[in-house]
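I opened my notebook for a friendly walk through this model, one stop at a time. The entries follow the order in which I looked things up.

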Amino acid sequence: MSQPTRRHVLAMLPAVAAMTARPGLAAGSPAPNGFLIRDVRIFDGRRVIEHGSVLVAGGHILAAGHLPLLDHLKVYDGRGRTVLPGLIDSHVHTYPEGRADALRFGVTTELDMFNNPDLIPAARAQRRTTAKTTTADLWCAGNGITVPGGHPFAPDWPLPRVEPDTDIERFVADRVAEGSDYIKFVSEPGRPGQPLPTLTARQVEQVIAAAHHHGLRAVGHAERRGVYLQAAEAGADGLVHVFADAEATADDVRAIKRSGVFVMPTFSVIDSGVGATELLEDERVADWLSPHQQYFLSLIPNPPRPEYLRVATANVRKLHAAGVPILAGSDAPIRANANGVSMLMEVTHLVRAGLSPTDALTAATAGPAHHFGLTDRGRITPGRRADLVLVDGDPTTDITALRAIHTIWKNGHVVDRTPPKDDE
């Protein structure tokens with residue numbers, strides 16, 4: 001690629017200022033909050049640039065690569081470090097403190113997979129700006145689509161549910177009217193001896209068709225092999241777990257690949273506390289945890305079910321080898337995982353399941369940005385949001401280096417990583 005000259009970069013600064021202008025900013029003046037991350041390894045969401053710099057102005061990335069040193073800009077020393085896009089957790093059920101915890105661990109965007117739709121208006125307003133914020137940006141499914149007595153059991157808000165005679169098209173249209181960014185459906189028949197009511201196969205097909213009619217993605221909760229394959233073949237865009245009740249056969253893998261679906265394994269919610277224990281014992285992590293994160297990480301399931309992690313790992317290994325897109329999502333704060341910090345473990349699980357470190361990082365950055373249509377983030381390329389994470393070391397070869405966070409920027413603003421106290 002051709003490298004920008006000093007004159008070329010300086011010439012672009014007024015354009016960025018105009019693009020991100022605020023009241024009171026003089027026309028043509030340099031964009032505010034400009035800085036350069038110098039002499040750093042760059043993981044741009046897809047590929048590695050072993051040595052370069054990243055130029056930020058006005059809350060956006062202006063240039064990345066081999067750049068000239070510019071006068072009058074704050075410079076961050078990147079020697080021995082790696083800069084990568086802010087992480088995107090593709091599966092959470094968040095809350096205000098959780099979004100703050102997420103940001104302090106480099107998760108600059110959360111995709112909520114079932115929550116009160118009252119969250120949506122403020123979330124949409126925040127993600128339209130490049131103002132300084134203390135919380136991760138949020139996309140949200142709002143009310144997921146499930147049945148009376150089905151999963152989830154007792155959310156703390158009134159939840160409409162699908163009855164046998166419900167008009168599915170109308171039901172989905174109501175979720176669209178509530179502001180859902182994508183449609184989440186639940187296909188959860190329970191375990192042997194513990195059956196749950198759930199959507200019928202026909203209702204799943206109708207939900208997916210209705211979501212697509214409204215131009216939205218349809219993503220499904222499915223954890224059992226039978227309903228998993230059923231949802232994939234019905235045209236779901238994504239499946240927000242991986243099944244762990246049986247190892248996938250070659251035919252299963254071919255069917256999932258053929259469907260075009262993406263998969264979020266959510267290892268952190270099925271690893272029986274393996275990840276929580278590892279994070280709590282890692283000195284690069286433990287001192288930065290909030291009381292909320294410490295509490296949620298302490299909720300180790302009893303009894304543990306290590307076979308779930310073993311089977312899920314085997315299935316992800318097979319799916320990844322077949323070319324099925326894998327996205328990183330934690331399902332925080334369910335079962336011994338916490339917003340933000342558990343993504344550091346989620347990508348570690350992905351590597352242990354056969355993804356390369358760069359593939360795992362893509363699964364937490366450019367991958368979800370692509371599959372959810374988040375065109376302003378997930379890459380370090382000109383024009384994208386300056387959501388950035390600088391870490392000591394090289395997570396493109398050692399994924400655990402992602403835990404050694406040096407600096408986080410959200411919208412080009414440095415994030416204060418100081419954890420809150422118990423009474424905050």
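Entry 1: I began in the loop between β14 and α8 (274-280), where threonine 266 sits. This is a predicted model, so I kept to what the coordinates give. Threonine 266 has a positive phi, near 50°, and is not a glycine. I recalled that most residues other than glycine have a negative phi. Is threonine 266 buried or exposed? Its relative accessibility is 0%, so I noted threonine 266 as buried.

**Entry 2: the loop between α11 and α12.** Next I went to arginine 335, which is found in the loop between α11 and α12. Arginine 335 also has a positive phi, about 50°, without being a glycine. With a relative accessible area of 39%, arginine 335 counts as partly exposed. Proline 333 lies in the loop between α11 and α12 too. The peptide bond from alanine 332 to proline 333 is cis, and I read its omega as near 0°.

**Entry 3: another cis bond.** I then checked asparagine 302 and proline 303, which are joined by a cis peptide bond with omega of about 5°. Proline 303 is in the loop between α10 and α11 (306-321).

**Entry 4: the largest pocket.** Which residues lie nearest the centre of the largest pocket? I found His151, His221, Asp331, Ile334 and Arg335 there, out of 43 lining residues. The volume of the largest pocket is about 1,100 Å³. I sorted its lining by class and got 20 nonpolar, twelve polar and eleven charged residues. Strands β9 (183-186) and β10 (190-191) each supply at least two residues of that lining.

**Entry 5: the second largest pocket.** Here I noted about 190 Å³ of space. The lining has 13 residues, and the closest to the centre are Arg46, Pro325, Ile326, Asp359 and Thr362. Helices α13 (357-363) and α14 (366-371) each give at least two residues to the lining of this second largest pocket. The largest share, three residues, comes from α13. By class I wrote down six nonpolar, five polar and two charged residues for the lining of the second largest pocket.

**Entry 6: the nonpolar cores.** The largest nonpolar core holds 79 residues, and Ile145, Phe185 and Val341 touch the most other members. Helix α12 (residues 341-352) provides the largest share of this core, six residues. I listed the contacts of phenylalanine 185, leaving out residues up to four places away in sequence; among them are Ile145, Leu199, Val204, Val219 and His221.

Entry 7: Strand β1 (residues 35-43) pairs with β2 in the antiparallel sense over six bridges, and leucine 36 stands opposite leucine 55 in β2. Four residues lie between β1 and β2 in their hairpin, and glycine 45 in the turn has a positive phi of about 110°. β2 and β3 (residues 60-65) also run antiparallel, joined by five bridges. Valine 56 stands opposite isoleucine 61 in β3. The hairpin of β2 and β3 has two residues between the strands, with glycine 58 at a positive phi near 60°. How many of the ten residues of strand β2 (residues 48-57) are buried? I noted seven, so β2 is largely enclosed by the rest of the structure.

**Entry 8: a parallel sheet.** I traced an open sheet of four strands with parallel pairing, in the order β9-β12-β13-β14. β9 and β14 (262-263) stand at the edges with a single partner strand each, so one side of each has no neighbour in the sheet. β9 pairs with β12 (residues 218-221) over four bridges, and lysine 184 stands opposite valine 219 in β12.

**Entry 9: helix α2.** My last stop was α2 (residues 96-104), whose buried residues are Gly98, Arg99, Asp101, Ala102, Leu103 and Arg104. Their cover includes β7 (107-112), α3 (120-127), β8 (137-140), α10 (291-297) and β16 (405-410). Just after α2, I found glycine 106 with a positive phi of about 85°.

Definitions and conventions: Residues are numbered from 1 along each chain as its sequence is written. This is a predicted model: local features need pLDDT of at least 70, side-chain atom pairs count only at pLDDT 80 or more; totals for chains, interfaces and linings use all residues. Side-chain values use heavy atoms; hydrogens and water are left out. On a 1 Å grid over the protein atoms alone, a cavity is a set of points where a 1.4 Å probe fits but cannot get out, and a pocket is an open set with protein on both sides within 12 Å along at least five of seven lines; lining residues have an atom within 4 Å of a point. Grid points are joined across faces, edges and corners, and a volume is the space filled by probe spheres set on the points. Ala, Val, Leu, Ile, Met, Phe, Trp, Tyr, Cys and Pro count as nonpolar, Asp, Glu, Lys and Arg as charged, and the others, Gly among them, as polar. A nonpolar core is a set of buried Ala, Val, Leu, Ile, Met, Phe, Trp, Tyr and Cys residues joined through side-chain atoms within 4.5 Å. Buried means under 20% relative accessible area, exposed over 50%, partly exposed in between (1.4 Å probe, protein chains only). Contact means heavy atoms within 4.5 Å. Two strands pair if DSSP finds at least two bridges between them.
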